[in-house]
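Here is a short briefing on one chain.

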Amino acid sequence: MKLTFDPEEHIYERDGVRIPSVTEILAANGLSDFSNVPSDRLEYARCLGNAVHCGAELWEKGTLDPASVDEPTKKRLDQWLLFLNSAKEKEWTEGVALIEQTMSSVLGFAGKPDRIFYARKRAVIIDIKTGAKSHASELQTAGYEILVRELYEPIKKVARVC
């Protein structure tokens, strides 16, 4: 009963059965609608988001070559680094995790928070965003909170940040 994720199609499956993602649920309910955005702009945003997520992960692993980062990505990575410094001041970084995709066995949906910081039975769910703030982001992290609470039962308090 392994959950798999296809990053190209953004599809979760468990034993060959498609599992809805937090993002799909929001879109299906009209809470995240990009139908009026030109396809070339959506593709650019998708590629930029992927580059920033990849760059953040490589930086955290200590393997990022700064010369390989283009200017739009660098601007956003610089913001991520400022955020990480702020998180250290708040003592959020007792444990920083890049978690694998996970599924709610109670509600039957899947997702993958970008990062989770732990400190004293408290979790801070982080979703890295490269675009404008939206209410869908708040709902997305609320879905991730359900997953995190189910996965890590001793957590008493959860904060969500985009």
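Ile125 stands opposite Arg160 in strand β9 of this predicted model. Strands β8 (residues 122-126) and β9 (residues 157-161) run parallel and are joined by five bridges. From β8 the chain passes through helix α4 (residues 135-151) to β9, a right-handed β-α-β crossover.

**Terms for this region**
- Strands count as paired if DSSP finds at least two bridges between them.
- Helices (H or I, at least four residues) and strands (E, at least two) are DSSP runs, numbered from the N terminus.
- Right-handed means that, with the strands pointing away from the viewer, the path from the first strand over the helix to the second runs clockwise.

**Fold and dimensions**
- Four helices and nine strands make up the element count of the chain.
- Their order from the N terminus is β-β-β-α-α-α-β-β-β-β-β-α-β.
- The radius of gyration is 16 Å, close to the 15 Å of the globule rule for 162 residues, so the chain is as compact as a globular protein of that length. The radius is taken over C-alpha atoms, and the rule is 2.2 Å times the number of residues to the power 0.38.
- The C-alpha trace spans about 45 × 45 × 30 Å along its principal axes.

**Burial and contacts**
- Of the 162 residues, 31% are buried (under 20% relative accessible area, 1.4 Å probe, protein chains only).
- Take contacts (heavy atoms within 4.5 Å) between residues at least 6 apart in sequence: 57% join residues at least 24 apart.

**Basis**
- Residues are numbered from 1 along each chain as its sequence is written, and side-chain values use heavy atoms, without hydrogens and water.
- Local features need pLDDT of at least 70, side-chain atom pairs count only at pLDDT 80 or more, and totals for chains, interfaces and linings use all residues.

Key:
Buried means under 20% relative accessible area, exposed over 50%, partly exposed in between (1.4 Å probe, protein chains only).
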